Amino acid sequence: MSLLSGVTVVELAGLAPVPFAGMILSDAGAQVIRVDRTGIKSTTDVLGRGKLSVQLNLKSPTGVGLLKRMLKTADVLLDPYRPGVLEKMGLDPQMLVKENPRLVVCRLTGFGQEGPYASMAGHDMNYVAVTGVLSILGRSDQPPTFPGNLLGDFAGGSCFAVIGILLALLERHKSGKGQIIDANMAHGVAYLSSFIFKMRQEGLWNAGRGKNLLDTGAPFYDTYETKDGKWMSVGSLEPQFFKILVQKLQIQVPAQMDMEQWPVLKSKLKDVFLTKTQKEWQSIFDGSDACVVPVVEIDECHTFEPNQKNKIFLESKDGIEPRACPNFSRTPMATVTQQPRVGEHTQQVLEKLGLSKSEIETLEKNSVISKL
């Protein structure tokens, strides 16, 4: 039995954050049914592994009716739309929860359900920007730098949506009732950054972008280029680890916490790391507590020995992808890599709802579903 065996999730097709939330739930054993729109043969969603795909015309009252029918027995609805869209479709979450009191509706937006930005379009970097967090990310001599779309979309969005869903399902065991979750990426990023805000209260992250202990300001917490054009990550924060770093590098350096000498120390580290290849430095630091490891290229991550030993990556017909985590002793996460074809399971899902072959043919004829 899997972790979420027996849990049914209906995921309305959207962009990256909701698909990843759905994929986490699918990896944990939930049956996730992605509702794709009709009239398409492919999707940009690359996070569909393990899911079922049905195509419904949600601009049709009949299509909306079928979705409502699905939701009467579902456990979770994942909503990727801006505030108010579900209501305009005739899918008011309050109504859905009345019709199925055990339903958990997770609404994942960028700026939340309220406020002047609620109905605006946005992307990951916009959601990070309004929290104040983007202003402190990056090097001191460069503009604010966002880490791809990892922070807003996936950490602040998908992961907190999944946490919310799991908490709601856990609470449902006590109350027997579902509820509506307002998860938004801006709030998620802010909450994720609690450590930084608390550090600032203590006066420990106030020196400006790229000038603090953990944001490349400290020379012993940065990346350094090697002789072969690759990189090493240096995280020798604690004095005992910094001591090992210096011993391994065989250089004379100023006191670790003499901030006025940090530019001198950074220059020394930069010069010394350029004297050897990444592989040579790895052989020097591996097995030590210097907190120095290679920056592994993304095309080589699956062959890096520590990753292989921990089985972090899977090989599929499409290439390399991360294996679901964390690891469980009794109920492991799934290792499915298969992506569904758009509409692949439409007939299967409709038959499970109790529709006859002739009824399904009529739906196809009336363009409520795509051609099977």
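1. Angles of 65 to 115 degrees between axes count as roughly perpendicular. In this predicted model, helix α6 (residues 150-175) packs with helix α7 (residues 185-192) at an angle of about 90°. The two helices are therefore roughly perpendicular to each other. Their axes lie 8 Å apart.

2. On the α6 side, the contact is made by L151, G152, D153, A155, G156, G157 and F160. Helix α7 contributes M185, G188, V189, Y191 and L192. Sorted by class, the contact of α6 with α7 has seven nonpolar residues, four polar and one charged.

3. A separate topic is the sheet. Strands of a sheet pair through backbone hydrogen bonds, either parallel or antiparallel. Here three strands form an open sheet, ordered β7-β8-β9, and the pairing is antiparallel. The edge strands, each pairing on one side only, are β7 (221-225) and β9 (292-294). On average, neighbouring strands of this sheet are turned by 20° against each other, with direction ignored.

4. For the pairing of β7 with β8 (residues 231-235), five bridges join the two antiparallel strands. Within this pairing, Y221 stands opposite G235 in β8.

5. Two helices pack on the sheet. Helix α10 (residues 262-273) touches β7 and β8, and its direction makes about 35° with that of β7. Helix α11 (residues 278-285) touches β8 and β9, and the direction of α11 makes about 30° with that of β8.

Notes:
Residues are numbered from 1 along each chain as its sequence is written. This is a predicted model: local features need pLDDT of at least 70, side-chain atom pairs count only at pLDDT 80 or more; totals for chains, interfaces and linings use all residues. Side-chain values use heavy atoms; hydrogens and water are left out. Axes are lines fitted to C-alpha atoms, for helices over the stretch in contact, and angles run from 0 to 180 degrees between N-to-C directions. Helices (H or I, at least four residues) and strands (E, at least two) are DSSP runs, numbered from the N terminus. Angles under 35 degrees count as roughly parallel, over 145 as roughly antiparallel, 65 to 115 as roughly perpendicular and the rest as oblique. Contact means heavy atoms within 4.5 Å. Ala, Val, Leu, Ile, Met, Phe, Trp, Tyr, Cys and Pro count as nonpolar, Asp, Glu, Lys and Arg as charged, and the others, Gly among them, as polar. Two strands pair if DSSP finds at least two bridges between them.
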